[in-house]
Every structure is written in C-alpha cells, then in structure tokens.
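Trainee: I would like to go through this structure with you. Please show it first.

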Amino acid sequence: MGVKSALMWQLNGVWTNDPTGGTNGTYTMWDAVVLGLKPRKTFYIAGMLNRYIPEHSEVLSVNTGGSSDVRAAAFRGEDGNYTVLVETKAGSSKEITLDFGNTAVNKTFRKLVYKNDVVQEANAILPPVTATFPGGSSLTDSAVDDEYNVIIYTTQPAQTQVKLDQVNPTVRSGDSLTLAADVIDNTGGVTWSVAGQNSGTINSSGVYQAPQVTDETLIAVRATSTADPSAYGVALVRVLPSSQTGRVEVPTFSLDQHVFPSSEVLYLESATSGAQIRYTTDGSEPTSQSTLYVRPIILNEGSLALYKAKAFKSGMQPSGTVSSLYQIGQISSAPDGYKLCMIENGGDCYFEGKAVVAYGADGLFNYSIQENGVACTSAILGDPIPGIDKRCFVNPDIPDELPVVTFFNAGFEKPATTSARPGPMTNGWVFDSRSGVQHNNGPFQAPTAPQGVQTGYLKTDGGISGTLSQSIHFKPGTYQMSFQAAKRTSFGGTQSFDVYFDDQVIGSYQPESGSFETFRTDAFETTGGKHTIQFVATTTQGDNTAFIDDVRITLPQTPADPHLANSSFESPVVTDPTGTISGITAGWSFNDQAGMMRNGSSMSAVTAPAGVQAAFVRSQNGVQGTFQQSLTFPAGSYTINFKAAAPNSGQSQAIHVQIDGQTVASVTPASTAYQSFTSDWFTVAAGSHTLTFTAADTGTGAALIDQVSIEAIIVPDEAVLLNGGFENPTITSQNGVVVASGEGWSFKNNAGRIRNGSVFGASNAPEGTQASYLQTLNGKQGELSQSLIFPAGHYAIQFQAAKRTSFGGQQSFDVYLDEQSIGSFTPTSGTYAVFTTNAFQLTEPGKHQIRFVGTSGPGDNTAFIDEVVITALP
C-alpha cells in the first residue's frame, strides 16, 4: 500500500483537479454507507491501483523521453505479471508505445482507463477492460484520446465485477421485486442469495419476496458470479411495512438520505388523511409526544441528524417507524447573513415579524421586505433568473441598502476555521493553492476582519501567485465592485493584485496599510448572463500576502474629483499583432508617437504593474510622443504618482509630466523593471486642468508608463503621529505580544507591540498599557515606521525607551527622517526614560517618513519604545 498511496498523492492535484472536488488531501472514497452508496471519484483511481498494481512488486525504471504530457510507472509482480501505469495530460491525442527492450513479455496486455467523466453510481464499478494487446517486447496503443487519462496496461487477469440494475430499491413487505445483474470482465451469470434470517427469499431468476415487517428494514441481497465466486454485487433493499386496514400509513421522506453540500428543505407526509407525523432527530423511537411535523423542515448548514418518523391518528394503530440520515455541509449557496427558508413553489417561507427575503439563484436575487412569511413563488416575488430553480432565503436584519448582484461567501466566513484554510477548494469562491480563508486569530496575524471573523487571502510564494474567483449571474447593466483590503505586515512584502471581469481588468491594487481600506473597481458593463470575477495576485517574487473582505457588486458611484479615467491603460484591449496601438483617444488622448501596449508586445517583455497593458511615449522622426487628459480639480495641492520603465532595447526616453504646461516631474527610467515616481507638489485653483505626459528627448528612445494616480495633499496645522502610544488595536494574545501589527505604524522584521505583563518582562508602558518593541534576532534588525505630512517648520521627535532586562543584550537604534539620521540611542535601563532626536528643519510642507531602526549586531537584543510625539520647535 505504500507504493499505491504514493501514487495516489502523485495522481491527484497535479494535472487534474482534486477528485473529491474539495481540498487536495481529502481522499475519502465514500461519504458513508448509511448516507448513500455513490462513491467519490477517488475510489475509481484508487480501486484500479489497488487491483492491478501487485503487492511486493518490483518497481521498474521508466523513460518517457522527456515528455511533458505523459508520466509513467512500471511494476513486475512476484508471479511475473507486468503492470504499467500511464497518466496523460489533456490537450491532444497520443500514440503510446510500451517498449520492454530485450525482454519478451509473452502475455496478453489488458487496457483499463480512468477518465474524469467517470459515471459515479452506486455499483461502484471500476473501469473495465477496453482493449487487449498481444504479448511481445513492445506494444503500441494508438487510441489514447485528447482527454485526461489514467491508463493501466497489465498482464494480470481482469478482475470480475458484478453490476446490479437496482442497488437501493424499495419494496413493501410481502411484495416481490425483480432484480437483474450483469457480469463484467468475465462470462456466465450469477447466483442469488439473501443475508440473514427472516429476510425474505429470492429465486434463481432474481425475484425477491420481501418478508413481513412492522418498521422499515434494510436487507442485503447478493448476486455472486458463477464463474468467479469471489466477485459479487449487493443490493440494499429497503422494506417498508405494507398497508393494513386500521393502521396508519408510514411517513415518507422527500429526500433520500445523503450528504448535501448546503441547506435543504425536507418534507414528510403520510398517505393516511388526517394523520399526524411525529419525529425525532436524536435516534430515539418517535412517540405521540415527539415533535409534531407542521411545516417543511429546514436542514441547516453544518448539521448531522438521524430523522426517525412515525404517523399517528386517533382510532388507528400507529404506523411503523422509518428513518433517514442527513449530513449538511457548509458550502455557501445563500447571500451572506441569509438562511434558506423554502424552495421555489414549495410553500411558504416562514418567519415572524419583518425580514428581508432574497429569492433567486446563482447570484441573481430579488430582495424584498416581507412580514410574517411569504409564499416562495415568482408570481409574488418576481422572477430574477428565468429557467433556473430558485430558492427563498431570509434575513431578520434589514440593511440600509439591498444588494444589486450577490456574491456567495462575500465575507469569506466559510469554511469556518480558527486558523487558516488554503485551497484548492470551492466555497462560493474558487480558491487555488495560494489563496484561501483565514481567521482573526490565525497565523497570518492579520488585522481584524471588517466583516465577521474571517477574511480571504491572496498569496505569492515559491514563484506562484494566487487567484480566487467566482462566477455569478448579472442582469444587463453597468456595475462597479467594492471590497476591503489590507496588507500583511507580520511577514513578507507587499502584495499587488488585479481584479478581472471575465478577461477585462477592472482595477489594479496594492494595499500598503496593515488596516483594512475600501477600494472600488472601474465601472464595467454587461449585457447579462453568467460572468467570472477574479482576484489575481501580480507579484511573482518573495512571500507577499494581501487580505480581502466584504466584496460587493454595486451600481456605479460617481468618483470624487479629480478622477483619472483609464489610469492603468486597460481600455481598449490591444489586439494588434504588434501588441501596440497609438494615436487613439481612450480617457487619454494620444498622438501618433504615444499609445498603449499589451504584455508580451515587441516593445517590452516586462509585465505591466497594473493589469495587462501600459502606455508608452517615444521620439521618432522628430516627433515627440505625448498623451494627456483634462480633468476637474477641486482647489488644493496634489502630486502625480506613476510607474515607469525603459523598453527592452534602445535608448530610454526622458519623460516630462506637466499640469497645464507646467513641468512637475522630469524622470528618465533607467531600468526595464517598473519603478515608482512621484511629482513635485503643485497647487491649482478649482476647475479643469490638463495632465500631460510627454517624451522629453529628440532621439529615438521610448519610455513605458502605468498606474497613474493623483494624490490630494492636505497640509495639517501641525504634524501629528497616529497611535504614538501604540494602544490600537488592543492586544489580546495570551503572551501579550503582537508581531508587526499596529494602527498607523508599519513594522519590519523583528518589531511589534507588547502589553503590560507580556513575556518580554518590560516595565509598564509610560502611556496607556501598550508599547512597541525593536528586536535584533538571527541577524535581523527590527524596524518600525510611519509616514505623515509635515507643515513647514522646525521639529524634533521625543519618545520614551527602555531596555529588556529579563533576557538578551543591549539594543541600540537610530531614528531617521526619510534617509537622514536624526539620532542614535542606546537605552541602558529597564525603566523608561525620555529621549529626544536632533532638531530638523523643513522649509516646505511635505510628506516624510519617521523610522526607528535597530542597529545591534549578533545576539538577541530588545528595546521598548512608547509615547512617540513630534515637537514643534521655535
């Protein structure tokens, strides 16, 4: 089994999706016999391996010639039989030759094939023999199609299987039932038998006579191959009490016992008019005092219960007892915060008081406020999505604004976890191996989720970038998407990502804050139908994580001025074979030497930092490229932020950035990798102003530009650090330490916050109950920083600091204003003392960064810092 288990791991999650449709590594082959006999896809692969890969076999070397779409393994059993396992990738038909060299295998090879479209049915019949090949030193199979295949070629005899026409039939006591069976991969017929005593009889023709029963009874009937008695099939016959005068008819369940992915509606009924149905869910026998069935039962998410039911009527004997077991998963099928209350045309959605009812499916719902229940019908609630089975969901909390289009699991609360749950998996969203959900108390040490207690995450590591997506229905119209996002500050770098509507980029983002912020995509238009929303990580190096939560589809909102149209140059889609287009108008107006280029164009092999397209300017034939856009500014001060790069070859082009002809930035990109640039501050009166990017040189150079944004600068009356006492958010961890988390501050390497009484053993914080720490550990120096806007003036930074005395050595640190050191400090006491940096002069208002950077060398050294304030000097 060791070899077979290893092969199972290799065959799943590499070229094909996990066979269970869930997370890789979930290799359960049946839900449970009591919950249903249909196996999962895993069974069909594992069954072939277990049947045809010999135990204690010799593993033979295999050479596939370096093929990228075929993998193989070969085995020779102790009895001399050969088995070759081949996995082929989908995409093209193949001819496979097995060449045994100088070894003559003088036995017939049999071919068995697993395909992803295998029919999962209760007989659990493994793939049968589909072809045979004569023995020799080689064989050639020209009938390998373009689908994904797992193929076994073996000289072992085919193993006999028996398939019944009915595996879970139902019959009344005393009645007869005719069963039939086929023998697969062998000849002959079957013999019939019944398991147990007083279980009825069956004749040689498969006619089963059910026994008399008073309660529901399950009886096994066996069909055994006459040619190979070790092979058999089993029918699990459900025998119900027969109708009797004076006895109430047994209840029936509307649902077969089964594992359901999400909530369901269960109906109970008896054919006896006026009968009352009583039921239990704890496995006990129902009595006349058990719960009365008065309306359809909602099987709630995450539940597992055995329902037993019995019918009663005055003047008649009670019915026999019937039962059914239901396990309900937690796959999101409802708008967040809503619970299933009824299926379309199935009756009333029952609730008391006022509530919001969502009626629909696949992301399209009609929302209405109802009172004391409502019939779940299109006639009353309107049909949001004709031709698709719909359901009613209810929420007692009435929001200020009803959704336009609905995501499932928009708040990433499923699957529930107390840590982190990576993909591949599907729960509303389709997560890959670098995306998933995480809890507030999980290992990512993420900021508190703005909705619920979990968020989604999008990760890059090992050179693989994560994606998460969801396909939902839209009505015709124009929409916008909003979501909240934050950066992981406890470890790694900044994650950037694009948001797609199908294959159209509708926004590019790079959360820089450890606190959640709201982002909105560009508006997008659809004629209706099913479309896919994707979040796609765009970093490819390092270990970077972004958190995403509270995803919504809304009607477009008018953006605040100044608003740049097409700021990442994603529209129109460039389809020219060169990958470039020039002289167009799309938000921007481009002349003939400026335009847009798509990733992979002849101009640059570098991926655009936002989306899949960027702009370019060049000089050619004495004409300098330029593009511009006029937009409305409120009166105030601003900067222009953008990214730029040099082309693959040739001279890099200098760029002038201008507002109404006034140059506010002049840059010459020196690298083919995009770099960030920021213009000088500029001040404008309210009104329309023109932003222009133009080539500044007259040679033949070019420059690439992307992700242009305008930042409004609000100069405060005084410079104030946010959260200078490190009190927010409150630390709740058991050890009193939070690595790299704190409102306003960014932390790097070994830095974070502590509360009084933490494991660091620090003195009580001089301000409040929390402080920060800078630690040098394993050669990495901690750093904490905050950026803020200063008015022009004369300043110094004042703070309190202490050393860690309970463990380790002396920590020293420098304080910086941007890249300028304004002081070096070495706290020598475990008691906090006041320190002040050197004074510094700022002649103009500006945005600057304050940094505390550990400078100690080897060892484990820690300093504590609190009550950081900026002091204005005369």
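Trainee: In which loop is the place of asparagine 198?

Mentor: Asparagine 198 sits in the loop between β13 (190-194) and β14 (201-202). Strands here are DSSP runs (E, at least two residues), numbered from the N terminus. This is a predicted model, in which local features need pLDDT of at least 70 and side-chain atom pairs count only at pLDDT 80 or more, while totals for chains, interfaces and linings use all residues. Residues are numbered from 1 along each chain as its sequence is written, and side-chain values use heavy atoms, with hydrogens and water left out.

Trainee: What is the mean pLDDT of the protein chain?

Mentor: The mean is 90, and 95% of the residues reach 70 or more; pLDDT is the predictor's confidence in each residue, from 0 to 100. Over residues 1-33, however, the pLDDT is below 50.

Trainee: Why is asparagine 198 called exposed?

Mentor: Its relative accessible area is 74%. Exposed means over 50%, buried under 20% and partly exposed in between (1.4 Å probe, protein chains only), so asparagine 198, at 74%, counts as exposed.

Trainee: What makes phenylalanine 726 count as buried?

Mentor: Phenylalanine 726 has 0% relative accessibility, which is under the 20% limit, so it is buried. Its phi is near 60°, a positive value in a residue other than glycine.

Trainee: Why is one side of β48 and of β56 left without a neighbour in the sheet?

Mentor: β48 (585-586) and β56 (662-667) stand at the edges, each with a single partner strand, so one side of each has no neighbour in the sheet.

Trainee: How do you know that β55 and β56 pair?

Mentor: Pairing requires that DSSP finds at least two bridges between two strands. β55 (residues 655-659) and β56 have five, in the antiparallel sense, so they count as paired.

Technical notes. Contact = heavy atoms within 4.5 Å. Helix = DSSP H or I, 4+ residues; strand = E, 2+ residues; numbered from the N terminus.
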